[in-house]
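Subject: Structure for you to look at

Hello,

Here is the structure I promised to send.

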Amino acid sequence: MIFLKTKTKGSILKNIFLFVFLLSLLSCEENQLLELDKEDTDTTIWFEVKNHINEQEYQDAIDDLARISNNFKFDRSRIIDHASAYAGLCGLDLLALVTESGGIGAVTITQFFMSIFDDASSTKLDACNTAISLLETHASDDPSLRTEDENIATMAILMAQIGNSLNVSLDQNNDGVVDIGHNDLCTTTPVTDLMAAEFGANLAKLFQTAANLSVVALLGDVKNQIDQGCAALSGGLNFCSKTDPTSFTATEIQGVRSLLQEGQIFGVGSCTGSPNSLVNCICL
Ligand SMILES: [Ca+2]
């Protein structure tokens, strides 16, 4: 059992490296654009925006974006780079993702996301939500209608969103340990019903995006883990097809809460059932 788990995590690590490599290719385009025109045009300011992003000066990039026309900066051909300024502000640091993924060890995926995006804040979470919204609005909110590159970017940002969201809700003193006890996730404190529905919707988006990646089985292991969880959620508890948080039923919200608190497949492990598997951690 332990061997199987280690093998799965190794595969996750391989996929993360592959994804970082692909995303690095995306971010290196257009760097040859020279500053030939000294006037501030959309093109010259965009060049500055990309320089700021490359230098991880994300707020400067966002400030410069405000000076660019909507037609230019919301053009689909630029929306990944545009969104990456907000993703960076949200803490999506690809280098750190590579470095820290070596420590994934025997943790679940949500625990891994929490450890990567441990310096979370509501400001960062807002930036992540903006990045996702940019891609959904100006590329598509349907993964099957997005390009491979757009889906890779969406997945990376959703990972950051989920990691930040969990940290903001469950580790408010930022010490890397969840602040909640057994079955606390089954109540509306600290995670309200709306927050649970939003978390579930983002998980559903993550899996649906993963399902539409044809070239890379990116996060296939994550998807497999959640598929196990979804399959184990009986009847109305299964929320895995819902991407609109306002459409979640009370029972589906209980499904999200249950999956969040278990510690064997996907969740943070705050449930102390023995073992703390989904079947032993269903919120009643
Ligand atoms: Ca804590």
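Helices (H or I, at least four residues) and strands (E, at least two) are taken as DSSP runs and numbered from the N terminus. This is a predicted model, in which local features need pLDDT of at least 70 and side-chain atom pairs count only at pLDDT 80 or more, while totals for chains, interfaces and linings use all residues. Residues are numbered from 1 along each chain as its sequence is written.

From the N terminus on, the protein chain reads α-α-α-α-α-α-α-α-α-α-α-α, that is, 12 helices and zero strands. Of its 284 residues, 45% are buried (20 or more other C-beta atoms within 10 Å of the residue's own, with C-beta atoms placed from the backbone). Taking contacts (C-beta atoms, placed from the backbone, within 7 Å) between residues at least 6 apart in sequence, 69% join residues at least 24 apart.

Helix α3 (residues 58–65) has Tyr58, Ala61 and Asp64 as its buried residues. Seen down the axis of α3, these fall within an arc of 120° (from the directions of the C-beta atoms off the helix axis), so they line one face of the helix. Their cover includes α2 (42–54) and α5 (79–89).

Apart from neighbours within four places in sequence, Ala131 is in contact with Ala83, Tyr86, Ala87, Cys90 and Ile157.

Regards

How values were computed: Buried ≥ 20, exposed ≤ 12 C-beta atoms within 10 Å, placed from the backbone. Contact = placed C-beta atoms within 7 Å.
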